[in-house]
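Welcome! Open your viewer, get the selection tool ready, and let's walk through this structure together.

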Amino acid sequence: MKNNKLRITTLSVLSYLGPLCFVPLMNRDSEFVHLHAKQGLVIWALSNILIAIIIIPIIGINIVKALILLLFLYSLLGIISVILNKSINLIGITYLAKLI
């Protein structure tokens, strides 16, 4: 039982570590892990889109940096919620994750 909880926690934390979000997506055993994996995938995808947008001069680089910082904070909140064994709704991220 303890090994299973450690496995679930580890996989859920991996969800918020950039491209490592794909590892927990393959786990269909735990709804908790799958929810965090989908949220992590959305955060990772949005951050990649923002990094690609940074080369467009019309959109302010400071705005893109602020949004990337917001996504970083979302990842941090996700990791903290996993450690506390909770599922929190990240504004906008949870909605997009449910669409996956």
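This tour of a predicted model goes from helices to a core and then to a loop.

**First stop: α3.** Select residues 31–53, the helix α3, which has 23 residues. From first C-alpha to last, α3 reaches 33 Å, close to the 33 Å expected at 1.5 Å a residue.

**Next: α4.** Select residues 61–83. The end C-alpha atoms of α4 are 33 Å apart, which agrees with the 33 Å that its 23 residues should span at 1.5 Å a residue. Which residues of α4 are buried? Colour V64, L71, Y74, S75, G78, I79, S81 and V82 to see them.

**Into the core.** Show the side chains of Y16, V42, I43, L50, V64, L71, Y74, I79, V82, L90, I93 and A97: these 12 residues form the largest nonpolar core. At least two of its residues come from each of α3, α4 and α5, and α4 gives the most, with five. Zoom in on A97, a member of this core. Leaving aside residues up to four places away in sequence, A97 touches K38, Q39 and V42.

**Last stop: the loop.** Move to the loop between α4 and α5 (93–99) and pick N85. Most residues other than glycine have a negative phi. N85 is not a glycine, yet its phi is positive, about 60°. Is N85 buried, exposed or partly exposed? With a relative accessible area of 49%, N85 is partly exposed, because the cut-off for exposed is over 50% and for buried under 20%.

Notes
Residues numbered from 1 in each chain as written. Predicted model: local features only at pLDDT ≥ 70, side-chain atom pairs only at ≥ 80, totals over all residues. Heavy atoms only, no water. Helix = DSSP H or I, 4+ residues; strand = E, 2+ residues; numbered from the N terminus. Expected span 1.5 Å × (residues − 1). Buried < 20%, exposed > 50% of the residue type's maximum accessible area, 1.4 Å probe, protein only. Core = buried A, V, L, I, M, F, W, Y, C linked by side-chain atoms within 4.5 Å. Contact = heavy atoms within 4.5 Å.
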